[in-house]
Amino acid sequence: MTAPAPAPAAPRGGTALVARLDNVGDVLLAGPAVRAVAAGADRVVMLAGPRGRAAADLLPGVDRVIEWCAPWIDPEPRPVAAAHTDALVAAVRAEAPSAALILTSFHQSALPLALLLRLAGVPWIGAVSDDYPGSLLDLRHPGDWGAPEARRMLGLAEAAGYQLPPGDRGAPAVRGPLPDTAHLAGPPGYVAVHLGASAAARAVPRRLAAATVAALAERGHRVVVTGGDRERADTAAVAGGAALDLGGRTKLIELAGVLAGASVLVSGNTGAAHLAAAVGTPVVSVFAPVVPASAWAPQGVPVRLLSDQHAPCRGTRARDCPVPGHPCVSGLTPDDILAAVADFTGDPT
């Protein structure tokens, strides 16, 4: 039996489009693939969703960002409407990419976007797809779903013929220089604690976060508590009088600066953890196993993973913990987190 012919590589030069349509962390982990594409193209257009747009703006190698909300990916999707899809087709057609890579997680289909990109006239499209793509894809790449997410997406770029430039080790990264955030967080050397996540099951429980912040302060650490607008009440309560509360006070690029000044970040499985890794800051990760740590733990920096990775919620992809008592992290104590922090910072007392 004759082996199938290898898929043709993406054309070199010209404009290439790279799509990753979900959250901040997902887009940051796409960074190595984007840099590989940028090394083989004259220009890179990033297609990002509204929840990941700010991260796309930070990626080295990106020349322009198109923001578009995909109704098959966003957790609060808008209704499907011809005007909405027509706007994407028109925006992509105006950029005239000669190639496109569609980056997805294993539960997302690349095919709806591939259809829209074909309608926009994109002549070459590559993606991971378990489903038969017909004429929608030129490169149908197998998904290595247990691999680190950044490495898996880079694998698609490499299969398309793109390679990282010499000296690029393939870790997540952001554009420099970062803003000076000493006016927000003080001089470098503090411990950052981040609250919130796109899914509640992946966040550090508020009670554990509050007790940890108090214990860190008692040990002599300077502590900075970060979070988005939705976490303002939580960050204020967790910081109390023991820590500096920056909840809702930073744009993503400013948060990158704050995390770059931290000696370590304590966080759940959220975009802030990947942002810390992208600026070279170690992470103590309270990581609920609703998604596999092998794929989604922060990459490129030292990481201490805390939680029961064999808990009953393992692999459920649940947004809210499906098991009473949140057992994968409920057994953790502030002492567990302080011991992990000390691995990176030592004990200031």
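Colleague: Let me just pick a residue. What's the relative accessible area of R206?

Modeller: For R206 it's 46%, so that residue is partly exposed. The cut-offs are under 20% relative accessible area for buried and over 50% for exposed, with partly exposed in between (1.4 Å probe, protein chains only). Before we go on: this is a predicted model, where local features need pLDDT of at least 70, side-chain atom pairs count only at pLDDT 80 or more, and totals for chains, interfaces and linings use all residues. Residues are numbered from 1 along each chain as its sequence is written, and side-chain values use heavy atoms, with hydrogens and water left out.

Colleague: Got it. What does R206 form a salt bridge with?

Modeller: Its partner is D234, and the closest N and O atoms are 2.7 Å apart. That joins distant parts of the chain, since R206 sits in helix α8 (residues 206-218) and D234 in helix α9 (residues 232-239), 28 residues apart. D234 is partly exposed too, at 28% relative accessibility. By salt bridge I mean a side-chain nitrogen of Lys or Arg within 4 Å of a carboxyl oxygen of Asp or Glu. Helices (H or I, at least four residues) and strands (E, at least two) are DSSP runs, numbered from the N terminus.

Colleague: How many salt bridges does that rule give?

Modeller: The count comes to 16. One of them pairs the side chains of D168 and R35, at 2.7 Å from N to O. Those two are 133 residues apart: D168 is in the loop between α6 (149-159) and α7 (182-185), while R35 is in helix α2 (residues 31-40).

Colleague: And R35, is that buried or exposed?

Modeller: R35 counts as buried, because its relative accessibility is 12%. D168 comes out at 21%, so it counts as partly exposed.

Colleague: You mentioned β3. What's the strand order in its sheet?

Modeller: It runs β3-β2-β1-β4-β5-β6, an open sheet of six strands with parallel pairing. β3 (64-67) and β6 (139-141) are the edge strands, each pairing on one side only. Two strands pair if DSSP finds at least two bridges between them. Between β2 (residues 43-48) and β3 there are four bridges, and A48 stands opposite E67 in β3.

Colleague: Which strands does helix α4 touch?

Modeller: Helix α4 (residues 82-95) packs on the sheet and touches β1 (15-20), β2 and β3, with its direction at about 165° to that of β3. Helix α5 (residues 111-119) packs there as well, touching β1, β2, β4 (99-102) and β5 (125-128), and it makes about 165° with β4. Touching is contact, meaning heavy atoms within 4.5 Å. For the angles, axes are lines fitted to C-alpha atoms, for helices over the stretch in contact, and the angles run from 0 to 180 degrees between N-to-C directions.

Colleague: Switching topic: where's the cis peptide bond?

Modeller: From G176 to P177, with omega near 0°. P177 is in the loop between α6 and α7. Most residues other than glycine have a negative phi, and most peptide bonds are trans. A96 has a positive phi of about 50° although it's not a glycine, and it's found in the loop between α4 and β4.
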